[in-house]
Amino acid sequence: MLLNESVGECDSIAVEEYPSRAVIDLGAIEHNAAVLRQDGPTCQHMAIVKADAYGHGLAQVTLAAARVGFTWFGAAQLAEARRVRAVLDRAGYSRDDVHILTWLGPSDTTWRGAIDDDIDVSVSVVSTLARLAASAREAGKTARVHVKIDTGMSRAGATLSTLPALASALAMSVQDQTVDVVAAWTHLARADEDSPEGLSATATQLDRFDAGLEILADAGIHPRIRHVGATSAILWHERACFDMVRDGIGLYGLSPNPAQRTARDLHFRPAMRLEANLEMIKIVEGDQAVSYGGTWTTPGPRWLGLVPIGYGDGVPRAASNAGPVSVITPTGTIRTHAVGRICMDQFMIDLGPVSDAENAQPGEQGPDLGQYHEPPAPVGSRVILFGNPDDPDTPDVPLADEWAQVADTINYEIVTRIGPRVPRVYIPATARP
């Protein structure tokens with residue numbers, strides 16, 4: 001059973017009107033949540049659903065996580081955090097029981113929207129605290145704060161030198177009941193590295209976090225929750241788990257460092273499968289350039305296939321001439337790859353040599369190739385860019401990790417960059433064993 005739903009709330013494209021789709025297995029999301037809880041059994045877990053749930057669909061993933069008991073959600077941008085709240089409100093989840101953290105907003109925001117929606121806000125500097133406290137007074141409510149400590153990431157967060165001033169201001173805001181300091185937190189820069197340098201960097205950050213907690217305590221601030229670790233820390237750094245952990249990439253079935261341990265090693269199930277219909281096949285004679293720039297030429301008469309998805313959909317152009325695909329045919333799976341440069345809306349794949357080369361005519365295309373032998377894959381075949389190779393319905397398909405490797409990036413980017421015009425199709429959790 002599939003649920004056909006596009007991601008966007010407006011301007012979405014129906015599944016039947018678009019030749020590609022991202023199939024999201026909600027059962028895999030639930031399975032991965034169970035694995036992460038097993039690896040971090042003594043602390044609370046926050047489901048990170050930022051960036052449209054890493055491209056998987058904010059509403060569907062939020063509800064899937066809520067169904068299996070998540071009571072904390074994290075969304076980077078205030079606007080998406082408010083969407084999370086709306087989704088949970090419509091589903092009947094109590095604001096007293098389910099909490100949301102956000103940590104980025106417009107520099108001049110008053111944060112009134114966050115307060116009205118009972119969303120926790122990260123605070124790194126006194127100016128943000130001042131705007132938040134003013135909005136709380138205006139709303140007649142107490143703002144919930146997570147104070148962020150910069151322990152070595154050098155992004156948001158108060159450094160140990162600026163934290164005393166922020167702690168003092170927090171103490172005053174707590175005293176006048178405009179702010180409740182719910183948590184203290186930080187983010188680790190190298191928790192996915194098992195090298196001596198990576199381990200040392202993580203240890204240093206944890207030491208700085210402990211020092212930051214002491215600074216807060218000296219000002220009379222005692223956060224009820226401490227959270228530092230994301231997926232890497234849950235898996236590999238027990239010291240970083242504290243009271244709560246943030247389930248990010250692992251929730252979606254991908255390893256934070258496939259070179260260290262793969263998704264299969266970690267018992268994760270990749271939740272997204274990106275696929276398209278084989279739009280066209282054609283015979284191209286030897287020594288012909290393919291796509292822009294002529295970066296690949298046919299080594300002889302070849303069957304080429306057109307896949308109607310491209311960098312306008314989030315397929316990385318950097319994977320040109322290398323992006324792996326599996327073509328599902330009636331007789332089996334063909335593993336091949338992109339040839340030529342990936343275009344905005346499409347790319348070509350190599351389907352192998354033409355064995356009947358002396359009879360083949362350049363330019364023959366479409367499902368009816370007349371007198372020539374059958375092509376390796378018929379038009380309309382499913383072309384899978386990446387998915388779960390352990391899924392019995394689609395064996396031997398590439399992982400997102402493989403696209404990341406050939407594009408010189410990380411698997412996070414491969415799934416997150418899949419654009420909103422690609423419809424999301426959901427497999428309900430009950431459809432999987």
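Reader: Where does tyrosine 54 lie?
Author: Tyrosine 54 lies in helix H2. Helices (H or I, at least four residues) and strands (E, at least two) are DSSP runs, numbered from the N terminus. Residues are numbered from 1 along each chain as its sequence is written. This is a predicted model, where local features need pLDDT of at least 70, side-chain atom pairs count only at pLDDT 80 or more, and totals for chains, interfaces and linings use all residues; side-chain values use heavy atoms, with hydrogens and water left out.

Reader: OK, so is tyrosine 54 buried or exposed?
Author: Tyrosine 54 is buried, at a relative accessible area of 8%. Buried means under 20% relative accessible area, exposed means over 50%, and partly exposed is in between (1.4 Å probe, protein chains only).

Reader: What about phi of tyrosine 54?
Author: Phi is positive there, near 55°, and tyrosine 54 isn't a glycine. Most residues other than glycine have a negative phi. Serine 291 is also a non-glycine with a positive phi, about 70°.

Reader: And where is serine 291?
Author: Serine 291 sits in the loop between E13 and E14, partly exposed at 28%.

Reader: Switching topic: which residues does UniProt give as "active site"?
Author: The unreviewed UniProt entry puts that feature at Lys50 and Tyr292. They are up to 34.8 Å apart between C-alpha atoms, and spread over 243 residues of sequence. UniProt positions follow the numbering used here, feature names are shortened, and annotations may be inferred rather than shown by experiment.

Reader: What does lysine 50 touch?
Author: Not counting residues up to four places away in sequence, lysine 50 touches Gly74, Ala75, Ala76, Glu80 and Trp103. Contact means heavy atoms within 4.5 Å. Lysine 50 belongs to helix H2, residues 50–54, and is partly exposed at 30%.

Reader: And tyrosine 292, buried or exposed?
Author: Exposed: tyrosine 292 has a relative accessible area of 58%. Leaving aside neighbours within four places in sequence, tyrosine 292 contacts Arg341 and Cys343.

Reader: How many residues are in the largest nonpolar core?
Author: That core has 119 residues, and Phe73, Leu170, Leu216, Phe347 and Phe386 touch the most other members. A nonpolar core is a set of buried Ala, Val, Leu, Ile, Met, Phe, Trp, Tyr and Cys residues joined through side-chain atoms within 4.5 Å. A second, separate core of eight residues includes Met280, Val284, Trp296 and Leu304.

Reader: What is phenylalanine 347 in contact with?
Author: Beyond neighbours within four places in sequence, the contacts of phenylalanine 347 include Gly305, Leu306, Val325 and Leu385.
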